[in-house]
Amino acid sequence: MEHLRETEEPNSGGRLAGKVAVITGAGSGIGRAAAVLMSRQGARVVVADYDAGGARGTAGLVAAAGGRALPVTVDVTDEGSVAGMVDAAVGEFGALHVLCNHVGGTDPRKDLDLLRMDMDEFGRAVDRNVRSTLWGARYAVPHMIRAGGGSIINTASVAALVGDVLQTSYGAVKAAVVSITKSVAVQYGPQNVRCNAIAPGAVMTPALEKNLPEDVIEALKRGNALPYLGAPEDIGHTMVFLASDESRYLTGQLLVVDGGMTMQSSAAPGRRAMLPG
Ligand SMILES: NC(=O)c1ccc[n+]([C@@H]2O[C@H](COP(=O)([O-])OP(=O)(O)OC[C@H]3O[C@@H](n4cnc5c(N)ncnc54)[C@H](O)[C@@H]3O)[C@@H](O)[C@H]2O)c1
């Protein structure tokens, strides 16, 4: 996160000037990077997370750089809580233009292969990834229409695109997020509300960096076409683009931001060794 402070200053004439953005899961990782980067481009941001300390921490980073942020405690699996988050955003800043439905994921200890997956965890995965996305959009869309348009950005995953040996629920719920993205884009496009999704590949959030063994990190790197793994800012910059009017002709799309992980043949790492010289 350090290098975020060294890039450009918050910008009242920036790419997101005048916009109000709500970002769920902004208390850490990718959501935090998105909040800081959006604020730098002039957005006022609502930093929503169920970790109140994390949300305050992100809001502090935004404020320290001269931006405006409102930390809000939310549980995106609770409809009333999501409604309260949107109300808080509009109450504080008077409008809503951007929503990042970023919270998601499953418990990898319980989300296993078909025969061993915990079906209760599947239900929780639907709540955390799918219902949360639907609720966020349902409460945000009327405000966006009132504002003359808006941009909803849903966080999917490359898991929506490829089969995996475990995390059966994760792939299924992220595929649902992609489908919802297309429906919302079609339904509210006429009112100038755009809806797109991002499929991150391996992104080194502080939590992952601390917990993943070095050999796993190396294996992930070999799976990418690029020689490195993603940083939270790589997804955050894509969110800034999708939030901004630069992407005004883009809706219903899934942007795969994965260092080339899913476009690379599984044979490629081995075949590199066959190249002469
Ligand atoms: N990091 C990756 O490699 C990667 C890859 C693909 C997709 N994703 C997706 O990115 C999102 C997670 O982002 P991250 O990597 O920054 O993770 P993270 O763990 O750093 O951040 C997730 C944040 O969400 C908050 N949160 C969790 N459950 C919540 C709830 N019910 N209500 C409100 N807040 C809640 C946590 O407190 C945390 O601050 C998920 O949708 C995940 O599926 C991540």
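In β5, Ile153 is the bridge partner of Cys100. Two strands count as paired if DSSP finds at least two bridges between them. Helices (H or I, at least four residues) and strands (E, at least two) are DSSP runs, numbered from the N terminus. From β4 the chain crosses through α5 to β5, and this β-α-β crossover is right-handed. Right-handed is meant in this sense: with the strands pointing away from the viewer, the path from the first strand over the helix to the second runs clockwise.

The model is predicted; local features need pLDDT of at least 70, side-chain atom pairs count only at pLDDT 80 or more, and totals for chains, interfaces and linings use all residues. Residues are numbered from 1 along each chain as its sequence is written, and side-chain values use heavy atoms, with hydrogens and water left out.

Strand β5 also pairs with β6, in the parallel sense and over six bridges. Asn154 has Ala197 of β6 as its bridge partner. Ala197 in turn has Leu254 as its bridge partner in β7, where β6 (residues 193–200) and β7 pair in the parallel sense over four bridges.

These pairings are part of an open sheet of seven strands with parallel pairing, in the order β3-β2-β1-β4-β5-β6-β7. The edges are taken by β3 (69–73) and β7 (254–257); each has a single partner strand, so one side of each is left without a neighbour in the sheet. Neighbouring strands are turned by 15 degrees against each other on average, direction ignored. Axes are lines fitted to C-alpha atoms, for helices over the stretch in contact, and angles run from 0 to 180 degrees between N-to-C directions.

How enclosed is β5 by the rest of the structure? Six of its six residues are buried, so the strand is largely enclosed. Buried means under 20% relative accessible area, exposed over 50%, and partly exposed in between (1.4 Å probe, protein chains only). In a regular strand the side chains alternate between the two faces of the sheet. Both faces of β5 are covered, with Gly150, Ile152 and Asn154 buried on one side and Ser151, Ile153 and Thr155 buried on the other.

Part of the surroundings is helix α6. Together, β5, α6 and β6 make a right-handed β-α-β unit. The 21 residues of α6 reach 31 Å from the first C-alpha to the last, close to the 30 Å expected at 1.5 Å a residue; the expected span is 1.5 Å times one less than the number of residues. Buried residues of α6 include Tyr170, Val173, Val177, Ile180 and Val184. The buried residues of this helix pack against α5, β5, β6 and β7.

Elsewhere on the sheet, helix α3 (residues 52–64) lies across β2 (44–49) and β3, at about 175 degrees to β3.

His143 is buried, with a relative accessible area of 18%. Leaving aside neighbours within four places in sequence, His143 is in contact (heavy atoms within 4.5 Å) with Val86, Val90 and Leu96. Asp120 also has its place in helix α5, but Asp120 is exposed, at 55% relative accessible area. Lys110 is ten residues from Asp120 in sequence and 9.0 Å away in space, C-alpha to C-alpha.
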